[in-house]
There are 2 protein chains.
Amino acid sequence: MDPHLPENIYCVSRPIYSNPAFEEDNERRVRGGRTLRERLSGYCGCSSRKAMQVLKGVIPVLDWLSKYPIRDSLLSDVISGVSTGLVCCLQGLAYALLVSVPPVYGLYSAFFPILTYFFLGTSRHISVGPFPVTCLMIGSVVLTLTPDDSFLLPLNGSSANETGVDLEAQEAQRIIVASTMTVLIGLFQVAMGLLQVGFLVRYLSDPLVGGFTTAAAFHVLISQIRIILSVPTNNHNGFFSIAYVLIDVFNHIDQTNMADLVAGLLTIVFVMAVKEINTRFQHKLLMPIPIEVIVTMVGAGISYAVDLDCRYGASIVKSIPRGFSPPQIPDAALFWGMLGSSFSTAVVGYAVAVSVAKVYAAKYDYTIDGNQELVAFGVSNVFTGCFSGFAASTALSRTAVQESTGGRSQVAGVVSAAMVMIVIAALGHLLEPLQKSVLAAIIVANLRGMFAQVAAVLALWRQSRADCLIWIVTCLASIVLGLDVGLLVGLLFEMGTVVIRTQYPACPALGNIPGTDIYRNMKDYKNVAEVPGVKIFKCSSPIYFANIDYFKDQLKAVVGFDPVRVFRKRSQALRKIHKLIKKGKLRAVENGTVATVSQGLDNQGFEDDMTLGRLEVDFRVDWASELPGKLAVPKVHIHSLVLDFSAVSFLDVVAVKSIKLVIKEFLRVGVNVYIAGCDDEIIRSLEALAFFDEVVTKDLLFLSVHDAVLFIRLETYNRSLQHANGNGITVMQENKEPLPFAEEEDLIEAYDNEHEAMHGLSS
Amino acid sequence: MDPHLPENIYCVSRPIYSNPAFEEDNERRVRGGRTLRERLSGYCGCSSRKAMQVLKGVIPVLDWLSKYPIRDSLLSDVISGVSTGLVCCLQGLAYALLVSVPPVYGLYSAFFPILTYFFLGTSRHISVGPFPVTCLMIGSVVLTLTPDDSFLLPLNGSSANETGVDLEAQEAQRIIVASTMTVLIGLFQVAMGLLQVGFLVRYLSDPLVGGFTTAAAFHVLISQIRIILSVPTNNHNGFFSIAYVLIDVFNHIDQTNMADLVAGLLTIVFVMAVKEINTRFQHKLLMPIPIEVIVTMVGAGISYAVDLDCRYGASIVKSIPRGFSPPQIPDAALFWGMLGSSFSTAVVGYAVAVSVAKVYAAKYDYTIDGNQELVAFGVSNVFTGCFSGFAASTALSRTAVQESTGGRSQVAGVVSAAMVMIVIAALGHLLEPLQKSVLAAIIVANLRGMFAQVAAVLALWRQSRADCLIWIVTCLASIVLGLDVGLLVGLLFEMGTVVIRTQYPACPALGNIPGTDIYRNMKDYKNVAEVPGVKIFKCSSPIYFANIDYFKDQLKAVVGFDPVRVFRKRSQALRKIHKLIKKGKLRAVENGTVATVSQGLDNQGFEDDMTLGRLEVDFRVDWASELPGKLAVPKVHIHSLVLDFSAVSFLDVVAVKSIKLVIKEFLRVGVNVYIAGCDDEIIRSLEALAFFDEVVTKDLLFLSVHDAVLFIRLETYNRSLQHANGNGITVMQENKEPLPFAEEEDLIEAYDNEHEAMHGLSS
């Protein structure tokens with residue numbers, strides 16, 4: 001049938017350790033950092049060409065700017081930069097609302113980061129600058145660290161008990177907190193870049209990001225509603241802040257400013273309508289209609305013309321001071337209180353930027369160096385933070401504008417920064433009459449895409465419960481506990497699902513498809529036959545601490561008996577038979593039979609060459625046959641057990657120890673255990689974990705289930721031949737001795753060993 | 001060669017969904033709770049027999065006490081109970097020091113829990129009562145919630161500035177905190193028991209418990225050193241508390257009480273020596289020498305005789321009030337501050353008790369119901385907490401005494417509780433002169449086993465880095481951050497290792513062992529041959545969000561080219577050829593050839609049936625051949641790619657989406673992709689996740705790598721036959737059209753889809 005015999009295969013299944021290629025590869029794998037050595041050697045290289053290459057790696061601008069095709073690209077870069085600059089200004093102003101700082105600081109955040117990113121970044125197309133979700137995350141820390149209570153001030157001309165909030169001092173402190181956090185975010189990113197851990201972003205899986213995004217949109221919406229309504233609310237933060245804010249808003253809903261509400265609603269309607277047009281006719285339009293810019297200009301104009309501020313009490317931007325604020329050393333004392341949030345924000349900001357950058361890199365055929373990007377964004381954030389700005393990432397909408405208007409390199413980014421500078425330096429005051437509610441409405445109108453993801457949850461539920469749960473848990477946690485804690489909870493839950501997914505693996509019994517070497521799940525297929533006397537057990541997951549108990553339970557369920565129990569019952573039975581023999585009620589006969597004396601000689605399958613009347617009787621019992629003296633011992637219907645490990649991708653210390661014990665337990669009740677389909681990696685870790693000894697030898701390894709079964713058949717056949725010479729009855733059940741441990745105390749000891757750690761604990 | 005043809009196998013590899021057995025099984029698996037339905041039906045059953053069974057499940061004493069063999073067991077149970085009772089008293093007194101409450105409360109903790117456990121527990125052998133690690137964990141919360149500052153009191157007869165600590169009030173508060181926490185621990189355990197989540201204990205893997213235990217021993221040691229030295233120290237807790245305590249001890253080392261130190265050191269020496277003897281001669285001794293009890297009695301006697309308290313200022317137990325303190329409702333207001341610690345303690349206490357119980361259950365052949373144990377311990381703890389005791393678990397040493405002196409059921413436990421009651425009610429004052437340092441020394445002398453585990457770390461390092469790191473991280477975190485936080489950190493790290501272990505799976509290219517159907521890693525074996533034109537790629541781990549990028553990178557590395565890049569280069573080349581044809585410099589000829597006009601007709605493998613001069617030219621290029629006009633396109637040397645998924649145990653949404661995209665990318669450059677060795681579970685999840693469509697069909701699934709290779713060979717042969725009729729040159733490379741997406745924009749769109757969640761985020 002099958003041309004390859006077990007022996008032949010066995011020698012193949014041993015890895016050739018001396019193979020140098022394999023050794024080297026192994027070393028690389030163990031070290032983890034695939035390119036680490038190359039990088040190091042790159043840094044140590046002495047030739048100037050090499051040094052230049054390294055320098056170009058660290059400061060990519062040296063590489064691309066020298067090759068910059070001025071004739072081809074400069075004009076389109078400038079055009080793109082101008083359009084993007086307008087969007088930058090506007091988004092900067094708007095997103096400053098999310099950070100709870102005056103709008104002008106949003107302009108700073110749109111200006112500074114691009115200056116450093118120009119030198120260090122590897123993406124040519126993304127528009128670096130503020131990004132709503134990170135802004136909101138910074139804003140939440142800002143609100144937490146500058147509570148109203150800390151800035152109480154006795155009100156002028158009233159009794160000492162009445163106090164108001166010192167808004168100016170609070171604002172100044174908010175700016176310090178925001179810029180300090182930005183510096184910390186930058187430091188985290190630089191550190192991650194230098195440690196080459198950019199891959200960590202992969203843990204932000206799609207369902208997790210989906211849930212997180214929806215929660216972020218929800219937070220943004222709630223925080224902007226009060227600005228659109230222009231109702232006074234207290235600042236809430238942390239757990240359940242959304243609920244508190246909503247309660248506040250409803251309590252003060254009668255104080256709504258109608259001018260702001262109308263302007264906000266109109267803005268939302270217009271922006272959403274035009275965005276719809278932009279999407280529908282994207283192939284017919286040269287570039288998307290810059291509706292936000294138009295609305296802003298119109299809004300500022302109307303507000304100025306009608307004097308909404310004075311006449312209707314509308315809340316306007318009010319002051320956009322000319323020029324920049326001087327650089328400021330961040331307040332390192334604040335670092336401790338914002339460590340966790342800063343780290344979350346650093347990760348989110350980077351993840352978004354890199355994901356957008358990769359899309360355009362794929363489109364224009366260049367590569368993004370994730371770790372270099374981390375450094376670039378980190379340095380940009382430290383730089384921005386020192387100039388009172390807040391953290392930069394990118395926004396897809398802005399990047400899309402930059403690319404669709406012809407931006408081909410970060411020269412466009414620098415031009416857009418120049419535009420922002422012009423606004424800061426000269427045109428800023430034109431925007432002063434703009435209502436804040438218009439800015440807030442623009443933000444809200446852009447949330448549609450983020451909320452649209454909710455529709456995906458239902459589909460996800462049908463596809464995969466685990467992934468859908470990740471989405472839901474992350475979303476709920478982020479809404480209820482805040483974005484930073486929510487992200488952490490989501491990540492932990494996500495990690496948990498990986499463990500859980502492997503915790504209850506399918507552990508089917510396999511059967512043979514007649515006439516083939518194929519073994520499949522007995523329950524899934526009709527034409528599958530069990531190999532007589534053999535159980536084939538497949539574990540389709542890694543085996544480790546979390547699922548080893550389940551593995552053992554499943555094994556017992558598939559096999560149909562508990563080997564420990566069988567052994568104990570047999571020991572008891574042996575002791576009773578012993579007693580009976582001593583009392584003379586039973587006797588053992590030459591050809592392996594114990595006979596009740598009253599019944600006379602009666603072949604029941606005992607083997608014996610003992611001397612009657614002595615205690616150290618040595619006889620063997622055929623456990624498959626009927627036992628004398630009403631002894632009940634669970635029947636064992638198999639002689640071999642094949643464990644199919646082809647889908648086991650790793651084993652840990654706990655698992656290996658337990659599997660070894662299980663194998664010995666089965667051997668003790670006369671069931672041979674074979675392991676089939678082990679990967680070379682698994683065999684290596686079995687060796688390292690001291691799996692093999694004089695009882696559990698490498699002979700139990702087989703390349704495939706079929707090989708093991710063929711071997712078992714051969715063995716069984718050989719044994720039956722041997723027995724044919726002797727008694728010729730049963731061949732399947734034998735109590736083989738010597739065995740590793742044959743007495744109950746040894747058994748307990750073995751069990752003890754398994755739980756030794758726990759026992760260390762229980763002193 | 002091989003008897004089974006692909007077609008034949010294919011139909012087998014489809015699961016038979018209509019199989020009712022499978023359906024039912026599937027339902028059971030999906031629900032997760034294997035025995036849930038059975039349990040429910042059990043509870044709903046109306047017949048009195050069933051109700052009785054359920055009742056016996058809930059209150060196991062009904063089951064075993066009715067069958068209690070009074071003649072056989074009562075005497076030995078009583079003897080065992082008396083000896084265990086003595087140990088109980090002593091350990092209770094000593095462990096109260098760990099909780100930082102007066103010793104008598106340790107006696108309460110040794111008395112109350114057994115009363116309820118007797119009714120509810122399923123273990124017959126464990127001695128329920130205080131356990132050092134849980135005591136220490138409670139103690140750490142007690143110290144945190146009752147800081148000295150809260151109990152300041154102006155000192156009598158001095159100025160108002162000098163204050164002392166109101167020790168009485170502090171002690172009273174400590175007792176309240178300890179008992180409240182015990183109630184909370186009990187509530188957690190009951191809840192876990194009712195939710196049937198006892199399996200969670202499995203996450204406490206051996207390395208984790210080892211590290212945690214060693215850290216606990218370290219904490220115990222440090223906390224007892226100051227009692228042995230009897231130096232005054234402040235109470236420290238939380239992060240770095242060990243360091244603070246040590247600094248305090250060294251600062252006050254000159255105030256050491258010599259009487260206490262000598263008594264303590266002598267106790268340590270004696271107890272450790274006798275314990276060593278007990279271990280060495282355990283088979284010769286009838287029962288271990290109860291050295292702790294002896295030392296305590298002798299110590300109390302000497303102290304009373306010499307009057308150590310007054311003469312040498314030794315710190316003694318002082319007062320053991322007679323009788324019990326009245327029941328107290330726990331202070332629920334304290335719950336919030338101790339949630340995390342209580343949960344950790346609940347888990348640790350339960351884990352230890354169940355692990356010990358299982359050993360004796362295995363020895364005496366009965367089963368432990370984990371969830372029932374949770375309920376039993378939970379109820380016991382709530383009960384104990386209401387009587388001012390602290391949380392119960394078991395201690396292996398005490399259980400060993402109970403079992404070795406003949407305890408066969410919890411009747412022995414009740415007798416030991418009676419002993420404790422006698423001490424509380426009558427004999428307690430005899431222990432009043434006992435030095436605290438003797439009790440502390442007894443605790444320290446028992447730590448040896450826990451510290452012995454450090455030796456195991458080195459061995460573990462050689463066996464498995466990941467497991468060793470779990471040990472080290474848990475240990476260090478528990479030492480530095482405290483036991484509760486440390487346990488949490490260790491658990492998270494442990495979960496992390498599971499993710500990391502699957503993050504960089506071995507992804508080898510497989511080759512065929514000539515003459516067999518065996519495919520093995522090309523790098524590990526010498527006599528392995530690659531199938532010409534076919535790459536076989538094996539992924540030996542689940543594929544999901546954390547490793548999908550690595551999977552794609554490895555695939556590209558194994559295949560040797562990036563299909564996206566190849567396709568882009570080909571598109572560019574096509575456009576250029578287009579232009580050349582338009583300009584008349586190239587022309588396409590009937591039998592698939594593009595010829596440069598200047599060179600005349602020159603067969604280079606273009607297929608064409610187009611009309612010259614029109615834009616919608618339709619021709620095919622043989623990318624394997626030399627291209628005209630200096631066009632450089634990366635060569636693709638394979639025509640088929642087989643993904644061996646036999647070791648893939650699960651796939652998530654992200655992975656399936658990415659794999660589908662990768663397959664389409666390969667198809668687009670003319671490489672057929674096949675998936676081999678998929679488990680039925682995997683196929684089911686592929687279906688659920690909408691993996692299959694009109695391009696990626698189920699036809700690409702094969703039962704084994706060999707089947708796929710045979711199929712590929714057959715296909716290649718057929719195609720070469722067809723081509724032999726036509727041109728007869730190359731058969732391997734063809735740009736097959738129509739393809740799912742053939743233009744660059746489509747490509748970007750597809751890439752976009754992959755990152756859609758991220759893009760939702762970047763609005």
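Strands β12 (residues 640-644) and β13 (residues 672-676) of chain A run parallel to each other and are joined by 5 bridges. One of the facing pairs is Ser640(A) with Asn672(A) of β13(A). To get from β12(A) to β13(A), the chain passes through helix α26 (residues 653-668) of chain A, and this β-α-β crossover is right-handed. Keep in mind that this is a predicted model. The points below start with β12(A), move on to its neighbours, and end with a helix elsewhere in the chain.

**Strand β12 and its surroundings**

- β12(A) also pairs with strand β7 (residues 534-538) of chain A, again in the parallel sense and over 5 bridges.
- On that side, Lys538(A) has Asp644(A) of β12(A) as its bridge partner.
- The strand is mostly covered, with 5 of its 5 residues buried.
- In a regular strand, side chains alternate between the two faces of the sheet.
- For β12(A), one side carries Ser640(A), Val642(A) and Asp644(A), the other carries Leu641(A) and Leu643(A), and all of these are buried, so both faces are covered; buried here takes 20 or more other C-beta atoms within 10 Å of a residue's own.

**Strand β5 and the antiparallel pairings**

- Strand β5 (residues 509-512) of chain A pairs with β7(A) in the antiparallel sense, over 2 bridges.

**Helix α15**

- Helix α15 (residues 339-364) of chain A is built from 26 residues.
- From its first C-alpha to its last, α15(A) reaches 37 Å, close to the 38 Å expected at 1.5 Å a residue.
- α15(A) is largely enclosed by the rest of the structure, because 21 of its 26 residues are buried.

Conventions: Residues are numbered from 1 along each chain as its sequence is written. Chains are lettered from A and ligands numbered from 1 in the order in which they are written. This is a predicted model: local features need pLDDT of at least 70, side-chain atom pairs count only at pLDDT 80 or more; totals for chains, interfaces and linings use all residues. A residue is buried if 20 or more other C-beta atoms lie within 10 Å of its own, exposed if 12 or fewer, and partly exposed in between; C-beta atoms are placed from the backbone. Helices (H or I, at least four residues) and strands (E, at least two) are DSSP runs, numbered from the N terminus. Two strands pair if DSSP finds at least two bridges between them. A crossover is right-handed if, with the strands pointing away from the viewer, the path from the first strand over the helix to the second runs clockwise. The expected span of a helix is 1.5 Å times one less than its number of residues.
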